[in-house]
Amino acid sequence: MLIIFLLLFIFQSSSGQQSLNVKLLGNWNDTAHIRVNVAGQRYNDVWGFVLNGKEYAVIGSTEGAHIIDIDQCRQVAFYPGRATGFTIIHRDYKVHKHYLYAVCNEGISTMQVFDLNYLPDSLHLVYESSPYDFMGCNKIAIDTVNATLYAGTAKSYTSVDQMRVYDIANPEKPVLRDRYQSKDNIHDMFVRNDTAYCSASYYGYEIVDFTQPGNSKKIGDMSFYPYQGFNHSSWVGTDGIGVMTDETFGMPVKIIDVHDVADAHVVGYFSPRPNDQTCIPHIPYLVGKFAFVAYYFDGLQIYDISNPDTPKQVGFYDTYPGPSFSGFGGAWGCYPFFPSGRVVVSDMQTGLYVLDVHEATGWPQHNNTAFSVYPNPATDKLFVSFPSDEGVENVAIQIYDIGGKRIFDGRFPAADYAYQPIQLTLPGNWAKGSYFIKVSTGSQSHISKITKL
């Protein structure tokens, strides 16, 4: 096993520079036990979670799920996929409460559910679907508020569903709740409050309401838009502004406005190498005003999209050592939601990267074992994280103005947010200036001064 800290290797990206405002903290790359697939890749997607105050990443490979302690950049647990080996290209992972959900697109694959509570010692499989009823699934998404899991293009030997929806109120026993048939495969989806923003491959983009089981309805559509290709993924902020990628060479990332789902449209674009036919985006995320994109040969790209008309590149880290070409390599996925502000990136050839993005984002440094409130200063969104604490039922958050008047009072189920941050929207009518935020779990409380820009 090859584990490299701090200094990885020196190489030049296609732009002649390996990074901008992003620092390497560690790299995990197991070349001894992980086979290379037919496309020359060992690794695929990545996700993150916090357990008992410690931050972990899960990265998929041709072999299965690898749990990495990102403080030490060390594998602490592994579980093989139902299908393994040189035919495996796509795996995907999401976390709900203390459960990890895993799918695979190739082979006689299943949906696996793991209990994370046994970490760091081991990963326990608590559910596995029939291999004949759950194959070909590329991506999953979880609506944690409504305890529903969305699976894109799940297949059996006798049928294909462009999307399935599962009730995971009992996390160890997913129950099929709904099916959706689109005009093309649903490759990926972003879900909030029973609404799915679907990347429907070559058809385009669909917005579907799943409020009533068995009676889903399309409420928005972008079947034609500028720079259209293979619609791959999206992420949408609570203000209705999102980022969308077409996994097509030479196509830029789109900034979209979906606050009126009946009038969804593109409002901006960005690319680290505009019009270059070897430049191709993959998976985007939003944290406040920052878009984080796993950009294949261009590594992790970070853009400030607070002004969609003029998005600004504020940082990048190129994980791919070779020249770009009209194929696939480099950064597959990223996860930018850790309380510490660190970001992990999965590279198809060279494994997991742990990155410090504070210089790019302006976020303050955080101790991930303590309460975290970030970014600070903030513009429109605030993230609140806290250490997993057994026995905590609810998290209480109050925000006070500088005069001591309480202007926000919220309660959040701890079980839903022990593995991901609570996201708060700061109303536009709040004045710029200083505020105080108090976060309480019953056993602990934390007060911070925040600034709204």
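In this predicted model, F210 counts as buried, at 0% relative accessibility. A search of the whole structure finds 27 aromatic pairs. In the pair of Y150 and F210, the ring centres lie 5.4 Å apart and the planes stand at 75 degrees, so the pair is edge-to-face. Y150 belongs to strand 13 (residues 148-155), while F210 sits in the loop between strand 18 (204-209) and strand 19 (217-222); the pair therefore ties together parts that are 60 residues apart in sequence.

The rings of F292 and W363 have a centre distance of 5.8 Å and planes at 40 degrees, so this pair is tilted. Distant parts of the chain are linked here: F292 lies in strand 25 (residues 290-294) and W363 in the loop between helix 1 (358-361) and strand 31 (372-374), 71 residues apart. F292 is buried at 0% relative accessibility. W363 is buried at 4%. Ring pairs also join W47, F190, Y197, W235, Y285, Y335, F337 and F338 into a cluster.

An open sheet is formed by four strands in the order 34-33-36-37, with antiparallel pairing. Strand 34 (406-413) and strand 37 (445-452) are at the edges. Each has a single partner strand, so one side of each lacks a neighbour in the sheet. Neighbouring strands of this sheet are turned by 20 degrees against each other on average, direction ignored. Strand 36 (residues 433-440) and strand 37 are joined by eight bridges. K438 has I447 of strand 37 as its bridge partner.

On the surface, I108, Y132 and Y157 form a nonpolar patch, with about 350 Å² of accessible area together. I108 is partly exposed, at 38% relative accessible area.

Notes: Residues are numbered from 1 along each chain as its sequence is written. This is a predicted model: local features need pLDDT of at least 70, side-chain atom pairs count only at pLDDT 80 or more; totals for chains, interfaces and linings use all residues. Side-chain values use heavy atoms; hydrogens and water are left out. Patches are made of residues with over 30% relative accessible area and no salt bridge: like charges are joined within 9 Å, nonpolar side chains (Val, Leu, Ile, Met, Phe, Trp, Tyr) within 5 Å. Accessible areas come from the Shrake-Rupley method with a 1.4 Å probe; for residues, only the protein chains shown count as cover. A salt bridge is a side-chain nitrogen of Lys or Arg within 4 Å of a carboxyl oxygen of Asp or Glu. Buried means under 20% relative accessible area, exposed over 50%, partly exposed in between (1.4 Å probe, protein chains only). Two strands pair if DSSP finds at least two bridges between them. Helices (H or I, at least four residues) and strands (E, at least two) are DSSP runs, numbered from the N terminus. Axes are lines fitted to C-alpha atoms, for helices over the stretch in contact, and angles run from 0 to 180 degrees between N-to-C directions. Rings of Phe, Tyr and Trp (its six-membered ring) pair if their centres lie within 6.5 Å; planes under 30 degrees apart count as stacked, over 60 as edge-to-face and the rest as tilted.
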